[in-house]
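Please look at the sequence and the structure before reading on.

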Amino acid sequence: MDRGKNRVCPVERSGSLDNIFRRWLQNPWKILNPYIKEGMTVLDFGCGPGYFTIDIAQMVGKSGWVIAVDLQEGMLQRLRHKIRETKIEERITLHRCQENKIGFSEKVDFALAFYVIHEIPNQGEFFKELFSILKPSGQALVVEPPFHVSKSAFLITIRKAQDAGFKPDEGPKVILSKTVILKKVNV
């Protein structure tokens with residue numbers, strides 16, 4: 001998919017998504033620990049090569065489950081290779097989504113969409129589907145990059161999430177990022 005603004009990161013550049021410098025700037029434990037607890041089911045949407053997935057699997061523990069979703073089979077293959085024959089392999093389900101559909105109906109407690117929403121052509125439909133798979137008290141963390149996503153574009157993204165039924169709340173501080181927590185509000 002290469003549609004200008006909706007470009008996905010090529011598999012060949014996945015090494016830039018998972019490196020020690022990024023771990024220093026965007027530590028998964030510091031960012032996600034307030035939201036993810038043992039036993040949860042967590043959706044890692046746009047998981048790429050698994051930068052957050054592996055840490056999430058450790059956070060949810062043996063009784064939890066991670067659904068790692070990506071559009072590109074190559075990204076899922078890289079993650080599959082990382083977790084093969086590890087203790088966390090059984091806690092992670094890999095799922096290939098479609099361009100405009102998550103395509104997974106399992107209910108989740110928490111969803112992470114890190115540096116990926118700007119790549120989705122129809123954000124409104126994405127947020128409707130995400131709302132439908134979150135458990136009643138579920139939350140989602142959306143993090144977007146500052147150079148690809150302007151403040152006004154991020155506010156439009158939040159508006160689309162609100163139109164789908166989410167209530168936005170202040171997200172965690174993430175260096176070089178725009179963040180929002182989306183809470184499921186049941187009417």
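The model is a predicted one. Its sheet is open and mixed in its pairing, with 7 strands in the order β3-β2-β1-β4-β5-β7-β6. Strands β3 (92-96) and β6 (166-170) stand at the edges and have a single partner strand each, so one side of each lacks a neighbour in the sheet. On average, and with direction ignored, neighbouring strands of this sheet are turned by 20° against each other. At one end of that order, β2 (residues 65-70) pairs with β3 in the parallel sense over 5 bridges, and A68 stands opposite L94 in β3.

Helix α4 (residues 73-83) lies across β2 and β3 and runs at about 165° to β3, whereas helix α6 (residues 151-163) lies across β5 (134-144), β6 and β7 (178-184), running at about 5° to β7.

Helix α5 (residues 123-133) is largely enclosed by the rest of the structure, because 8 of its 11 residues are buried. Those buried residues are Q123, G124, F126, F127, E129, L130, F131 and I133, and their cover includes β1 (41-45), β4 (108-114), β5, α6, β6 and β7.

| Salt bridge | N to O distance |
|---|---|
| E73 and R80 | 3.5 Å |
| E125 and K128 | 3.3 Å |
| D163 and R159 | 3.1 Å |

For the pair E73 and R80, both side chains belong to partly exposed residues, E73 at 30% relative accessibility and R80 at 27%. E125 and K128 are 3 residues apart in helix α5, so about one helical turn separates them; E125 is partly exposed at 39%, and K128 is partly exposed at 46%. D163 and R159 are 4 residues apart in helix α6 and are likewise separated by about one helical turn. An α-helix has 3.6 residues a turn, so residues three or four places apart point the same way. D163 counts as exposed at 54% relative accessibility, while R159 is partly exposed at 46%.

Key:
Residues are numbered from 1 along each chain as its sequence is written. This is a predicted model: local features need pLDDT of at least 70, side-chain atom pairs count only at pLDDT 80 or more; totals for chains, interfaces and linings use all residues. Side-chain values use heavy atoms; hydrogens and water are left out. Two strands pair if DSSP finds at least two bridges between them. Helices (H or I, at least four residues) and strands (E, at least two) are DSSP runs, numbered from the N terminus. Axes are lines fitted to C-alpha atoms, for helices over the stretch in contact, and angles run from 0 to 180 degrees between N-to-C directions. Contact means heavy atoms within 4.5 Å. Buried means under 20% relative accessible area, exposed over 50%, partly exposed in between (1.4 Å probe, protein chains only). A salt bridge is a side-chain nitrogen of Lys or Arg within 4 Å of a carboxyl oxygen of Asp or Glu.
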